[in-house]
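Hi there,

Here is the structure I promised to pass on to you. Please have a look at it first, and then read my notes below.

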Amino acid sequence: SSNRAELTVEDDGVGKKEDGRINGTGLGTKIVKAMALSMGAEMEYLQRQVGTTARLSFTLQPDLTPNEM
């Protein structure tokens, strides 16, 4: 069995422009980047009509307790 997992986060905010620049404050992007960094995750953004989808792929850490996550 694989020890990889995927977390997809979607919102219906103003999203990103086609050239990758952020619309709005960029707060959602900053939060998702911080999550990815803390998890050692690979991050990719997917285009949507409205809003943004971020997909985080990461390795599960079975030896961590909830307080260590």
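Let me begin with Phe58, which touches Asn3, Arg4, Ala5, Glu6, Leu7, Met39 and Ala41, leaving out residues up to four places away in sequence. By contact I mean heavy atoms within 4.5 Å.

Some background before the rest. This is a predicted model, in which local features need pLDDT of at least 70 and side-chain atom pairs count only at pLDDT 80 or more, while totals for chains, interfaces and linings use all residues. Residues are numbered from 1 along each chain as its sequence is written, and side-chain values use heavy atoms, with hydrogens and water left out.

**The core**

Phe58 also belongs to the largest nonpolar core, a set of six residues whose other members are Val32, Ala36, Ala41, Ala54 and Leu56. Both α1 (27-39) and β3 supply at least two residues of this core, and β3 gives the most, with three residues. A nonpolar core here is a set of buried Ala, Val, Leu, Ile, Met, Phe, Trp, Tyr and Cys residues joined through side-chain atoms within 4.5 Å. Buried means under 20% relative accessible area, exposed means over 50%, and partly exposed is in between (1.4 Å probe, protein chains only). The helix and strand names are DSSP runs numbered from the N terminus: H or I of at least four residues for helices, E of at least two for strands.

**The hairpin**

How do strands β2 and β3 run relative to each other, parallel or antiparallel? They are antiparallel, with five bridges joining β2 (residues 42-46) to β3 (residues 52-59). Strands count as paired if DSSP finds at least two bridges between them. The two strands form a hairpin with five residues between them, and Gly51 in the turn has a positive phi of about 85°. Across the pair, Leu46 stands opposite Thr53 in β3.

Thr53 is buried, at a relative accessible area of 3%. Beyond its neighbours within four places in sequence, Thr53 is in contact with Thr8, Val9, Glu10, Glu44, Tyr45, Leu46 and Arg48.

Over in β2 you will find Met43, which is partly exposed at 31% relative accessibility. Setting aside neighbours within four places in sequence, Met43 contacts Val32, Lys33, Ala36, Arg55 and Leu56. Met43 and Thr8 are 35 residues apart in sequence, and their C-alpha atoms are 9.7 Å apart in space.

**Strand β1**

Val9 sits in strand β1 (residues 4-11) and is partly exposed, with a relative accessible area of 29%. Along the chain, Val9 and Thr52 are 43 residues apart, yet their C-alpha atoms are separated by 8.2 Å.

**Salt bridges**

Side chains of opposite charge can pair when their charged atoms come close. How many salt bridges does a search of the whole structure find? There are three, where a salt bridge is a side-chain nitrogen of Lys or Arg within 4 Å of a carboxyl oxygen of Asp or Glu.

- Arg4 pairs with Glu42, the closest N and O atoms being 3.7 Å apart. This pair links distant parts of the chain, with Arg4 in strand β1 and Glu42 in strand β2, 38 residues apart. Arg4 is partly exposed at 37% relative accessibility, whereas Glu42 is exposed at 55%.
- Arg55 pairs with Glu6, with 3.5 Å between the closest N and O atoms. Here too the partners come from distant parts of the chain, Arg55 in strand β3 and Glu6 in strand β1, 49 residues apart. Arg55 is partly exposed at 25% relative accessibility, and Glu6 is exposed with a relative accessible area of 52%.
- Arg55 also meets Glu44 through their side chains (3.2 Å, N to O). Arg55 lies in strand β3 and Glu44 in strand β2, so this pair ties together parts that are 11 residues apart in sequence. Glu44 is partly exposed, with a relative accessible area of 37%.

Through shared partners, salt bridges join Glu6, Glu44 and Arg55 into one network.

Best wishes
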